[in-house]
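Please look at the chain below and keep its numbering in view.

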Amino acid sequence: MPEITDEEMDTMIPMARHYSVVILREGPEYGSPEAKPIIWEHGRRNFALRAAGALAVVMPVEDATDVCGVGIFDRSVEETAALMSDDPGVQAGVFTFDVHPARGFPGDSLPT
């Protein structure tokens, strides 16, 4: 692992920007027979939000907990909550969500 100096830290920390992190959870209708097509449309909407630049990272969670996904939005907490409230899965009760303020570094990305 490379060594990071205090000077490098002092240079990088002010570059952090504000983002919003969404934790998506199972809602009361998650296991219902109607959920599958609603989840599909939720996914389609996520692709549209990514294409529009609002949703920087979307990650479905694949374990046996009630957490369904994590998203990082390039929007304020209030704007992100409004976007999530319009999600078809949230409106149908398939998902619930929490929004958290966070900071990150522009240019960070997932490895390819």
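What follows is a set of questions and answers that set computed values against definitions.

Q: How do you know which residues and atoms the values refer to?
A: This is a predicted model, in which local features need pLDDT of at least 70 and side-chain atom pairs count only at pLDDT 80 or more, while totals for chains, interfaces and linings use all residues. Residues are numbered from 1 along each chain as its sequence is written, and side-chain values use heavy atoms, with hydrogens and water left out.

Q: Why is the pairing of D74 and R17 called a salt bridge?
A: A salt bridge is defined as a side-chain nitrogen of Lys or Arg within 4 Å of a carboxyl oxygen of Asp or Glu. Helices (H or I, at least four residues) and strands (E, at least two) are DSSP runs, numbered from the N terminus.

Q: What makes D74 and R17 count as partly exposed?
A: Buried means under 20% relative accessible area and exposed means over 50%, with partly exposed in between, using a 1.4 Å probe and protein chains only. D74 has a relative accessible area of 25% and R17 has 36%, so both lie in the partly exposed range.

Q: How do you know that R25 forms a salt bridge with D98?
A: Their closest N and O atoms are 3.6 Å apart, which is within the limit of the definition, so the pair counts. R25 in strand 1 and D98 in strand 4 are 73 residues apart. R25 has 27% relative accessibility and D98 has 33%, so each counts as partly exposed. Salt bridges that share partners also join R25, D66 and D98 into one network.

Q: What makes a set of residues a nonpolar core, and which residues have the most contacts inside the largest one?
A: A nonpolar core is a set of buried Ala, Val, Leu, Ile, Met, Phe, Trp, Tyr and Cys residues joined through side-chain atoms within 4.5 Å. The largest has 13 residues, and those with the most contacts inside it are V22, L24, L49, F73, M84 and F95.

Q: Which residues does L49 touch beyond its neighbours in sequence?
A: Not counting residues up to four places away in sequence, L49 touches A54, L55, F73 and L83, where contact means heavy atoms within 4.5 Å.
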